[in-house]
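Subject: Structure for your review

Dear colleague,

Please find below the structure that I am handing over to you. My findings follow directly after it.

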Amino acid sequence: MDRREFLKALALTGVAATLKWEGATGVMAQTVPGEGSGCDLVAVMGGEPAEMFRKAIAEFGGMGRFVKAGQKVVVKPNIGWDKVPELAGNTNPELVAEIIRQCFAAGAEEVVVFDHTCDDWRKCYRNSGIEDAAKAAGAKVMPAHEESYYREISLPRAKSLKTAKVHTAILDCDVWINVPVLKNHGGAKMTISMKNHMGIVWDRGFFHRNDLQQCIADICTIAKPAVLNVVDAYRMMKTNGPRGKSEADVVLTKGLFMSPDIVAVDTAATRFFNQVETMPLDVVGHLAKGEELKVGTMDINSLHVKRIKI
């Protein structure tokens with residue numbers, strides 16, 4: 001990313017919030033209110049993955065707001081592809097490890113990490129760096145490559161996807177944290193928090209055969225939504241997603257977005273993506289469809305947003 005793109009990216013979502021910035025220099029000079037003062041969405045830029053997460057979670061009052069002592073927690077990254085971290089096909093392993101550590105610090109009894117991968121799951125887990133990072137932080141790593149790992153649930157609020165087989169790790173945990181990587185997607189246009197739900201279901205083919213954008217919104221009506229969505233925008237795949245072809249598809253943006261509101265965080269992250277590559281919000285149809293199903297809001301202006309430049 002050259003200086004011009006970097007300054008554009010510093011504008012982050014370009015939305016109205018409690019903080020009022022005027023251009024990139026205003027962003028860099030802005031003083032952020034004290035930690036824990038309350039917010040709906042946090043955007044951080046300029047740091048390393050773990051550092052940005054610590055800054056963001058502090059604005060929500062710490063991980064203890066979302067994870068309680070004795071709970072069983074799932075951390076669900078994107079581990080879909082047999083790609084090294086530098087190619088941005090998967091969630092950054094440093095971020096995943098920090099979230100796990102914070103869960104245990106909040107008193108979690110157990111933390112489980114999994115994804116229903118697209119490439120061979122063993123290679124994805126290993127070469128993404130996530131398996132080693134998760135285990136080093138104390139988590140259990142579960143496979144998701146066989147149908148026996150899933151149980152069928154109903155989705156009464158859904159329009160197209162009325163039932164789905166969901167991984168038992170999600171169904172049996174107390175809370176789960178959704179940790180996607182921000183990237184372009186040929187079919188869904190963007191893959192972020194909402195699209196990351198396709199990694200908790202068994203039959204992804206149904207999505208592609210029956211209105212992909214609607215099914216992505218539908219699965220987000222699950223009765224046990226993620227308590228927190230953490231979007232990894234440290235490296236961003238701007239083209240040829242979701243797999244990518246080479247490092248030419250990747251931009252080092254050093255960003256992170258966090259919110260309990262899945263539609264809001266994906267809307268903000270998509271606006272951020274637009275600082276580098278054009279992606280109109282109305283093209284990412286599952287955002288509006290998710291708002292229609294009342295799983296979140298696209299109206300960022302109605303939320304208390306905090307932006308932090310490290």
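Helix H3 passes helix H4 in a right-handed crossing. In this predicted model, H3 spans residues 49–59 and H4 spans residues 93–105, and their axes come within 8 Å and cross at roughly 40 degrees. An angle of 35 degrees or less would be needed to approach the parallel class, whose limit is under 35 degrees, and H3 is therefore oblique to H4. On the H3 side, the contact is formed by Pro49, Ala50, Phe53, Arg54 and Ile57, which meet Glu94, Leu95, Glu98, Ile99 and Gln102 of H4. By class, the residues of this contact are six nonpolar, one polar and three charged.Ile99 of H4 also has a place in the largest nonpolar core, which has 98 residues; Ile99, Cys103, Ile177 and Val230 are those with the most contacts inside this core. Helix H10 (residues 262–273) supplies the largest share of the core, namely eight residues. In soluble globular proteins, nonpolar side chains tend to be buried together.

Which residues surround valine 230, leaving aside its neighbours within four places in sequence? Valine 230 is in contact with Phe53, Leu95, Ile99, Ile177, Asn178, Val179, Pro180, Leu256, Phe257 and Met258. Among these partners, Phe53 belongs to H3, while Leu95 and Ile99 belong to H4.

H10 and helix H11 (residues 285–292) pack with their axes 10 Å apart, at an angle of about 155 degrees. H10 and H11 are therefore roughly antiparallel to each other, and their crossing is left-handed. Val263, Asp266, Thr267 and Thr270 of H10 meet Leu287, Gly290 and Glu291 of H11. The contact of H10 with H11 comprises two nonpolar, three polar and two charged residues.

Within H11, the residues Gly285, His286, Leu287 and Gly290 are buried. Their cover includes strand S9 (189–191), helix H9 (212–219) and H10. After H11 comes lysine 294, which has a positive phi near 65 degrees. Aspartate 299 is located in the loop between H11 and strand S12 (305–309); with a relative accessible area of 37%, aspartate 299 is partly exposed.

Several loop residues deserve a note on backbone geometry. Aspartate 211, in the loop between helix H8 (205–209) and H9, is not a glycine and yet has a positive phi of about 70 degrees. Its relative accessibility is 40%, so aspartate 211 counts as partly exposed. Asparagine 240 likewise has a positive phi, about 60 degrees, although it is not a glycine. Asparagine 240 lies in the loop between strands S10 and S11 and is partly exposed, with a relative accessible area of 37%. That loop, between S10 (228–237) and S11 (250–259), also holds proline 242. The peptide bond from glycine 241 to proline 242 is cis, with omega near 10 degrees.

For the chain as a whole, the secondary structure comes to eleven helices and twelve strands. Of the 310 residues, 58% are buried. Among contacts between residues at least 6 apart in sequence, 73% join residues at least 24 apart.

With kind regards

Notes. Residues numbered from 1 in each chain as written. Predicted model: local features only at pLDDT ≥ 70, side-chain atom pairs only at ≥ 80, totals over all residues. Heavy atoms only, no water. Core = buried A, V, L, I, M, F, W, Y, C linked by side-chain atoms within 4.5 Å. Buried < 20%, exposed > 50% of the residue type's maximum accessible area, 1.4 Å probe, protein only. Helix = DSSP H or I, 4+ residues; strand = E, 2+ residues; numbered from the N terminus. Contact = heavy atoms within 4.5 Å. Axes fitted to C-alpha atoms, helices over the stretch in contact; angles between N-to-C directions. Parallel < 35°, antiparallel > 145°, perpendicular 65-115°, else oblique. Left-handed = near helix turned anticlockwise from the far one by under 90°. Nonpolar A, V, L, I, M, F, W, Y, C, P; charged D, E, K, R; others polar.
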